[in-house]
Amino acid sequence: MDDFVVRDSNGTIINEGDSVILTRDLKVKKGGNLKRGTIFKNVRYSDSDDYGDCRVGTSTIAIKTMYLKKR
């Protein structure tokens with residue numbers, strides 16, 4: 001596994017399992033919206049340092065780290 005550093009919108013390092021907050025409203029492809037201030041717990045990372053995998057209800061979505069802030 002490649003070691004990479006994941007940073008949030010403020011430049012703070014985010015580790016796997018941290019809680020993050022959404023910094024702006026986002027539209028979801030399958031309909032609906034995610035509101036600013038939504039808290040995601042136990043964030044995971046895929047193959048890239050540009051996206052964090054967050055659970056929303058029963059599904060998992062990939063959100064760009066530029067829209068996340070460490071809690």
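Contact, in what follows, means heavy atoms within 4.5 Å. With that settled, here is the structure, which is a predicted model.

I'll start with the overall picture. Among the contacts in the protein with a separation of 6 or more, 47% are between residues 24 or more positions apart. The secondary structure comes to 0 helices and 8 strands, so from the N terminus the elements read β-β-β-β-β-β-β-β. The radius of gyration is 11 Å, close to the 11 Å that the globule rule gives for 71 residues, so the protein is as compact as a globular protein of that length. Along the principal axes, the C-alpha atoms fill a box of roughly 35 × 25 × 15 Å.

Next, the surface. The accessible surface is about 5100 Å², and carbon and sulfur atoms account for 44% of that. Of the 71 residues, 25% are buried. As for charge, there are 14 positive and 10 negative side chains, and the centres of the two sets lie 12 Å apart.

Which residue in S6 is the bridge partner of Tyr45? That is Gly52.

Tyr51 is in strand S6. Is Tyr51 buried or partly exposed? Its relative accessible area is 33%, which lies between the 20% and 50% cut-offs, so Tyr51 counts as partly exposed. Ile14 is 37 residues from Tyr51 in sequence, and the two are 11 Å apart in space, C-alpha to C-alpha.

The second residue is Thr65, in the loop between S7 and strand S8, residues 68-70. Thr65 has a relative accessible area of 8%; under 20% means buried, so Thr65 is buried. What is Thr65 in contact with, leaving aside its neighbours within four places in sequence? The list has Val6, Arg7, Asp8 and Ser9, and then Asp49, Asp50, Tyr51 and Gly52.

Key
Residues numbered from 1 in each chain as written. Predicted model: local features only at pLDDT ≥ 70, side-chain atom pairs only at ≥ 80, totals over all residues. Heavy atoms only, no water. Pairing = 2+ DSSP bridges. Helix = DSSP H or I, 4+ residues; strand = E, 2+ residues; numbered from the N terminus. Rg over C-alpha atoms; globule rule 2.2 N^0.38 Å. Buried < 20%, exposed > 50% of the residue type's maximum accessible area, 1.4 Å probe, protein only. Areas by Shrake-Rupley, 256 points an atom, 1.4 Å probe, with all protein chains shown as cover. Lys, Arg positive; Asp, Glu negative; His and termini not counted. Charge placed at Lys NZ, Arg CZ, Asp CG, Glu CD.
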